[in-house]
Amino acid sequence: MVYVPRRSPPSTLLLAAILGMLCLGAGGCSLKDKIARRLLPAHAMALKTEINQGAATSDFLVVKRLWPTTKRKSEIFPGYFWASPVLVQLPGKAPFLVVLPSSGVVAALDAASGRRLWQTQLPHADTESPELRAAPAQVGENLMVVYTTRDKVSGVISHRAAMIDLRRGAVNAAFRPLTLTATAPAADGKGSFTFAPDWQLPRAVTYDPAPSGLGHAYVTFGADRDQGAWHGWLFEVDLDAWARGNTTKAISSAFSTTSESDCDDGTEGKLCGGGLWAYGGAQIFHTGEGDEILVQTGNGRLDLARKSYSQAVLRLRPGLTFNPRCDVAACAGTNPRDPSNACLATCRDLFVPRLLPADTPPHPVDHSCDKLSYMGCLEFNDWDLGSVSPVRVEAGGRSFYVTAGKGGDVFLIDAGRLGVLYDRVQVLDLCGTATDPCPDQNSGLIITQPAVATIDGNPVVIIPSFNRDATHAAGVTAYRVRVTDQGPKLQVAWWVPDPAGLQARTWFRAPPTRPVVQMIGTEPVVWVADNSRGGHLLGIRVRDGRVLADIAAGGWPMRNSKPVIFNNMLYLPAAVQGHDDLTWIEAYSISARRP
């Protein structure tokens, strides 16, 4: 039997207001009282009565919230946790967690107690306000952070990189301030275009160490606003040059996913786009053919002739060299709005989503795709690939990539030739019905970074999803990769919650956290937190999809964040939806139940 912990009854607005007044009248508030005042009232009261009941047990696991509780507070920070926390282990020091709220503060928490160890502010002028969204990367005993500043007077926006010395808890002065700028050649061969910081936001930093020296870091950018008429960018930073103080050579290469020098909304045929939105950032894989840097692009122009690669998976090499390596004859004259399968299947370093011959085209209830191609439907509804990162798996002695799109489809592609699509599975029914219209169709169904576990030597890929309506199911789905007589296939292993049950239509109504895998003995368990008022933190056994823990989070689990698993502890970023002035980390101990 799966144990479902008892939950406190819903609170009322009146009780929440009384608690807030009592807290103010007493001249001080505990953590639970601060949360009670700031959280939406129904959840605030649930937290107050439940904060000592943060535990769940099954016949396999015991899970207990260590903080926040009435006896142990959480450190509170201003701003959201767009950037996920990082667990740091340095020789001679106890493990600690680095947290990066959007307010531009970098802080360290003791991994055992949650106590704040140090805090530093990212470099900026007195006239500037910083914002931190991009996931950082640990570089030895430093943390590379990319952030944005806005001048309060002029409005000028800059994107900068800084190194934080993790031992001292301060900015490392050996790495001089670095501003990310770039220029790329235009598709028409007539000049170039520049990186426009006003229209960009950094998304993630990925570190690739070298056998000698520091190596390189890769920084992804997606547009600040959700439109297709701007570029996606990938920067390569030479960390050794930066450490030597040579900021002019620190940016060793930059790549734009689209090559139009003059962007508009597409009415004149000049459409850019291709934003690298994924919170997971660039994915680096070391293979027999060398290092691979994979990125997924958002919506916009896909035109091989004009070197514009929106709505695609791109495989680049160090130095950010890219060539899709598509057959020229097969792709001659292909329609950018509806590229032919015969062309796309020849591409070695480019994957473009498409339907297989037996697939049914998507039919949203609003009929928005009735007269559109598959690519046109994805473009119109903002169902792009750019919000997801691919994973690499080995099955049957062969290598594959598995990735997903915002529109809810999961793809199995060949690792040697990315253009070869073996299987496509539509994980969810599209949002909305005639009687239950979709509140926000453009939100899509999948925004995540898949997790991979191994069962009996075979890969299992776990992908969380969500749905905005009250009719269609959503949740966490696991896929096995099988090499069959009919070719490589994706096989659904399990789905949590049960798609036939009520929970599948009430949970996962917004993007959940990204999944993380923990080994408990020899069994992999995947953890995902639902971004809902109930805040379900689910521990699911990968082997069979059995829910081993369902525990209510103290606050709202931060959507799209990646929890940290370390030493049988789970650290969950939490925030207050609708506010940006209260953010904290929750900690849970996880142990196997004794017989």
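**Entry 1: a buried glutamate**

I located E586 in strand 40, which spans residues 583-592. The model I am reading is predicted.

I then looked for a charge partner. E586 is buried but takes part in no salt bridge. The nearest side chain of opposite charge belongs to R65, at 4.4 Å; the pair does not qualify because a salt bridge must lie within 4 Å.

I next asked which polar atoms E586 meets instead. Its side chain has a polar atom 3.0 Å from the backbone nitrogen of G554. I also noted a polar contact of 2.6 Å between the side chains of E586 and Y588.

Leaving aside residues up to four places away in sequence, I listed the contacts of E586; among them are R65, W67, P68, G554 and Y571.

**Entry 2: disulfides**

C326 and C347 have their sulfur atoms 2.0 Å apart, and the link is right-handed, with 110° about the S-S bond. The pair joins distant parts of the chain, 21 residues apart: C326 is in the loop between strand 23 and helix 6, and C347 in the loop between helix 7 and strand 24. Both C326 and C347 are buried.

For C369 and C377 I read a sulfur separation of 1.9 Å and a right-handed link at 70°. C369 counts as buried because its relative accessible area is 4%; C377 is buried at 1%.

C431 and C438 are bonded at 2.1 Å between sulfur atoms, again right-handed, at 100°. I noted C431 as buried at 6% relative accessibility. C438, at 18%, also counts as buried, because the cut-off is under 20%.

Definitions and conventions. Residues numbered from 1 in each chain as written. Predicted model: local features only at pLDDT ≥ 70, side-chain atom pairs only at ≥ 80, totals over all residues. Heavy atoms only, no water. Helix = DSSP H or I, 4+ residues; strand = E, 2+ residues; numbered from the N terminus. Buried < 20%, exposed > 50% of the residue type's maximum accessible area, 1.4 Å probe, protein only. Lys, Arg positive; Asp, Glu negative; His and termini not counted. Polar contact = N/O pair within 3.5 Å; in protein donor to acceptor, adjacent residues only side chain to side chain. Contact = heavy atoms within 4.5 Å. Disulfide = S-S within 2.5 Å.
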